[in-house]
Amino acid sequence: MILSIPSSSSATSFASALFPRVSASRISCSVKSAGVGVWRRSCFLCASKLRGMADLLDEKKSSSTNSGAAAAAVASSSTSDFDQRDVAPPRTFLDARSEQDLLLGIRKEAEAGRLPRNVAEAMEELYHNYRNAVFLSEHPEANEIVLSNMAAALDRIFMDVRDPFEFAAYHEAIREPFDYYMFGQNYIRPLIDFRNSYVGNISIFSEIAKKIQQGENVILISNHQTEADPAVIALLLESTHPHLAEDLIYVAGDRVVTDPLSKPFSMGRNLLCVYSKKHMNDDPELTDMKKKANTKSLKEMAFLLRSGSKIIWIAPSGGRDRPDPITKEWYPAPFDVASVDNMRRLAEHAGRPGHIYPLAVLCHDVMPPPFEVEKEIGEKRVISFHGVGFSIASKISYHEIASAFEDSEEVTSRICRVIVFFCH
């Protein structure tokens, strides 16, 4: 359920004050099924185009390498060392024509020492889980979609292992020469049951789009469910608000910019990179570095907000929602009050009008996290085909709410609790 109103009268009355235009009876959920038939026909075409793009890039690199071969030979004659980035990347996965080719390619690169064993094992596991999930969709071209999407994914993972990409404090989505944004969209698309997916209060996104056009800023305070959250949000918005889908900036934890299986997908999103409080002290020797990095990211965020026309998504929980260990029911993780208050202050001091909206995301079935928070990088990826959804509420009028309370910290704390109710 995307939205449920707390049953207690005090919580209900406070929620009414916080979300004056939203009530259980007025929530309008629209099925994101427009284009389902088109998706059925085009999903394989999108995957094929993605693979073709990677092929074209390699052809260009090969042509460039050949044209400069003589000069390169002369330049390298005085040394036996060279940077592997100057060599055309192997086409181990792009040339694969079957499942067996992909799996043998993983094992071959591991045996050659070009893939760490743990990464190779994770890549093979990812392939099987992704294949099984796409097959659940009963798409008539499921085999072709799996082969094409996984060839592109394994190729990008392998490329990053050979030449690791470093994320800046503020990372802008890489759209060329390889379009990492569409790569991520097309990879997650076959996992979503669009016929059973929903968007609540879609008209509010039109309101947000107008504010962005007028140079104003928007902050989305959200729960966080899976690594696929950005793709899920973008896929459900792409037919109605494509610019919002592409322009969204996500406050991202360090794990999605360091895990080899996550990095290629993160490269296609606009990110403000931070270290989560949950992992701040995992290695005491790195704590100071992490704090300095977070300070730099906050400065980047302040600069972005001062420039205006920005929409930023943040999960103040600092991590993904997880089920209750006893009941197995999913609950939004508690919000960090200080994080919410920091976002409010940044928005208010940007010199531009700023607006904060609550966003409730439901997509844990597509890619649920481990039951417990793990310190080590390299979690197991469980993947499924499932419906997803999200709902947005009216903007938060902080100062109107604050007028009813004497303690400003209590205001933010109550706002956090009600947003969490909204997300449940």
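Helices (H or I, at least four residues) and strands (E, at least two) are taken here as DSSP runs, numbered from the N terminus. The structure is a predicted model, in which local features need pLDDT of at least 70 and side-chain atom pairs count only at pLDDT 80 or more, while totals for chains, interfaces and linings use all residues. Residues are numbered from 1 along each chain as its sequence is written, and side-chain values use heavy atoms, with hydrogens and water left out.

**Backbone geometry in loops**

- Most residues other than glycine have a negative phi, and most peptide bonds are trans.
- The peptide bond from Glu176 to Pro177 is cis, with omega near 0°, and Pro177 belongs to the loop between β2 (170-171) and α7 (180-188).
- Asn201, although not a glycine, has a positive phi of about 60°; this residue sits in the loop between β3 (198-200) and α8 (202-213).
- Asn201 counts as buried because its relative accessibility is 7%, where buried means under 20% relative accessible area, exposed over 50% and partly exposed in between, with a 1.4 Å probe and protein chains only.
- Lys328 is not a glycine either, yet has a positive phi of about 65°, and its place is the loop between β8 (322-323) and β9 (330-331).

**Packing of α5 against α6**

- Helix α5 (residues 117-136) and helix α6 (residues 142-162) pack at an angle of about 155° with their axes 10 Å apart, the axes being lines fitted to C-alpha atoms over the stretch in contact and the angles running from 0 to 180 degrees between N-to-C directions.
- That angle makes α5 roughly antiparallel to α6, since angles under 35 degrees count as roughly parallel, over 145 as roughly antiparallel, 65 to 115 as roughly perpendicular and the rest as oblique.
- Residues making the contact (heavy atoms within 4.5 Å) include Val119, Met123 and Leu126 of α5 and Ile145, Val146 and Met150 of α6.
- The residues of this contact divide into 14 nonpolar, two polar and one charged, with Ala, Val, Leu, Ile, Met, Phe, Trp, Tyr, Cys and Pro counted as nonpolar, Asp, Glu, Lys and Arg as charged, and the others, Gly among them, as polar.

- Strands pair if DSSP finds at least two bridges between them; β5 runs parallel to strand β6 (residues 270-273), joined by four bridges, and pairs in the parallel sense with strand β7 (residues 311-314) over two bridges.
- Ile249 has Asn270 as its bridge partner in β6 and stands opposite Ile312 in β7.
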